Amino acid sequence: MTQLSPPIFECRDVTVRYGHVLALSNVGAVFERGMIHAVVGQNGAGKTTFARVLAGLVRPASGEIKIDGRPLAGGNVRDARRSGVELVHQSFALPPSFTVAEAMQFGAKGGRFFTKKKLEKRWQLHLDALDVKVSTRQRIRDLPVETQQGVEIARALVSDAKLLILDEPTAVLSPEGAEKLFERVRRLKERGVTVILILHKIREVLAIADTVTVLRGGKLVDGPLASNGIDANRLAELIIGPAAARNLNPEAKAALTGTTLLPHTERQADITAAPVLKMRNVSTRPDPEGPALDGITLDIRPGEIIGVAGIEGNGQRTLVRAISALANIVNGEISIDSTNVTDTPLAARRAIGLRVIPFERNVEGLSMTSSLWENWSARSLLQTPLLSTISPSAIRKQCDSALKQWDVRYSDVRQRAGSLSGGNAQKVILSREMDEDACLILAAQPTRGLDIGATSFVWDSMRNARARGCGLLFISSDLDEIFDISDRIIVMLSGRIVAEFRPPYDLAAVGAAMTGVLR
Ligand code: ATP
């Protein structure tokens, strides 16, 4: 009689507490080997905690975990690695100044006495075998985000991982990037690797996963369920709960289930009004965050949302940095609300009404070691005249009420920002930056990593800001949401604006402009 092999992963009654927060509550599940398993749930549902428990980064308060039939010592990364578990985190951990070979070698076994050339060859073979198209001599910081992720995955697979966990891998990718990642994941499955993917988008789950497991409020709702036996509406209901599903507006539902979005309602901004942003022939030096801007001329009128489409790395980040006084301008002029701000610092621009939802929320948007209210106070500090006094207790109150309005899951405004889940941290920035005094909001990937409730709240907030007469620059790698919300779309390529579109948008034409093909 042949012996059946045990499941690759099983857990029983796993509970994790962070202080008063019950991040996982008696979770039990069994995952079969050689499959692609999706884990889904709203912001703060416990997905990352689940992944961290498996990878030995968090010790559960109670419960039992087995990898490949072998009990896992809770909270022990070495033991998890020995059992073949590897985790690729939400935000990448490779040192930007390292070459690819150095980053691959970092923490790997053997090769200490190799020459540089031999190391480069060693890792080139490994990367080639996994079809990661990169030279081991390139620096991490010069690589597009998809390639960085490919290197991270290759690094996780150095030690023959049996169970690879990718925490929100598509959040940083364009739709094409996500498709390439899925190809890579399918090839890993063919090689016998079991993959757990933490995902937000239902259409991605249904496109890639063999099974889906749903968490809500730290509890296992259902799963693993065969994903070919479940439809998008049912899965949406499992994620947000039956009551919330009944109250979902049609737009949120369409976005959630991946069905067609509502047609764009054409509206016209008042073109006679003075622009809230006026850029004239602005050029910058090459920026650490991307290519130099080359002669950007752009007007945003009050009550107008300008979508920025483009393949990542074509100057979108430099554009945001130039308007927020972080890039080095060598030519041209920038005005906000008719005030020339070309040479003024960010604080002065904020005082006029500029708000920024930055690309890198953990670095530019929040101080992870500071409390929620301190992070939130940045707004009052930057916007209050120097001689006025600011009361910490008043700020704490304001912060508390804004965070509640945004449905941020937190226990106390005094807790560290680093203790929030990724999506909740993003909501703290949004609650701070989308205020009524804003006249110009730069929104870089504002919905990245957010669950559907929060995503539709962001869209509504952007539309409300527009209705108040605010101008918005909206950068997203998701063309669907750009098409749906923007009154006008500009396309960036190599630091320049190469095309402009008005609704109804033509996907093929925008796509062609993004790749530099003129139609
Ligand atoms: P997201 O989609 O927003 O990334 P998630 O499902 O991955 O959410 P987790 O990061 O697992 O959620 O968080 C689950 C809960 O535990 C949240 O309420 C979060 O605020 C809390 N939490 C997570 N890490 C910590 C920590 N280090 N200290 C305190 N609370 C934490």
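Two strands count as paired if DSSP finds at least two bridges between them. Helices (H or I, at least four residues) and strands (E, at least two) are DSSP runs, numbered from the N terminus. The model is predicted: local features need pLDDT of at least 70, side-chain atom pairs count only at pLDDT 80 or more, and totals for chains, interfaces and linings use all residues. Residues are numbered from 1 along each chain as its sequence is written, and side-chain values use heavy atoms, with hydrogens and water left out.

**Stop 1: the six-stranded sheet**

Select β6, β7, β8, β3, β9 and β10. In that order they form an open sheet of six strands with mixed pairing. Which strands stand at the edges? They are β6 (85–88) and β10 (219–226). Each has a single partner strand, so one side of each is left without a neighbour in the sheet. Neighbouring strands are turned by 15° against each other on average, direction ignored. Axes here are lines fitted to C-alpha atoms, for helices over the stretch in contact, and angles run from 0 to 180 degrees between N-to-C directions.

Zoom in on β9 (residues 211–216) and β10. The two run antiparallel and are joined by five bridges. Pick Val214: Asp222 in β10 stands opposite.

Stay on β10 and select Pro224, which lies in that strand. A cis peptide bond joins Gly223 to Pro224, with omega about 0°.

**Stop 2: helices on the sheet**

Contact means heavy atoms within 4.5 Å.

Next, show α8 (residues 232–240). Helix α8 lies across β3 (36–40), β9 and β10, and runs at about 30° to β9.

**Stop 3: two nonpolar cores**

A nonpolar core is a set of buried Ala, Val, Leu, Ile, Met, Phe, Trp, Tyr and Cys residues joined through side-chain atoms within 4.5 Å. Buried means under 20% relative accessible area, exposed over 50%, and partly exposed in between (1.4 Å probe, protein chains only).

The largest core has 51 residues. Select Val151, Leu164, Leu166 and Leu235, which have the most contacts inside it. Helix α8 gives this core its largest share, six residues.

Centre on Leu166. What is it in contact with, leaving aside neighbours within four places in sequence? The list is Val88, Ile153, Leu181, Val185, Val195, Ile196, Leu197 and Ile198.

Another core, of 47 residues, lies apart from the largest one. Trp406, Tyr410, Val413 and Val491 are among its members.

**Stop 4: the ligand**

- Asn43: a polar side-chain atom lies 3.0 Å from an oxygen atom of the ligand.
- His200: a polar side-chain atom lies 3.3 Å from an oxygen atom of the ligand.
- Ser419: a backbone N or O atom lies 3.1 Å from a nitrogen atom of the ligand.

**Stop 5: helix α1**

Select α1 (residues 47–54). Six of its eight residues are buried, so the helix is largely enclosed by the rest of the structure. The buried ones are Lys47, Thr49, Phe50, Ala51, Val53 and Leu54. Gly56 follows α1, and its phi is positive, near 80°.

**Stop 6: Thr284**

Jump to β11 (residues 277–284), where Thr284 is placed. Is Thr284 buried or exposed? It counts as buried, at 6% relative accessibility. Its side chain reaches the backbone nitrogen of Leu293 at 2.9 Å. Not counting residues up to four places away in sequence, Thr284 touches Ala292, Leu293, Thr318, Ala322, Ala327, Asn328, Ile329 and Val330.

**Stop 7: backbone details**

Select Asn26 in β2 (residues 21–31). Asn26 is not a glycine, yet has a positive phi of about 50°. It is partly exposed, at 48% relative accessibility.

Move to Asp337, in the loop between β14 (329–336) and β15 (339–340). Asp337 also has a positive phi of about 50° without being a glycine. Its relative accessible area is 38%, so it counts as partly exposed.

End at Pro504, in the loop between β20 (496–501) and α19 (507–514). The peptide bond from Pro503 to Pro504 is cis, with omega near 0°.

Notes: A polar contact is a pair of N or O atoms within 3.5 Å; within protein, one must be able to donate a hydrogen and the other to accept it, and residues adjacent in sequence count only if both atoms are side-chain atoms.
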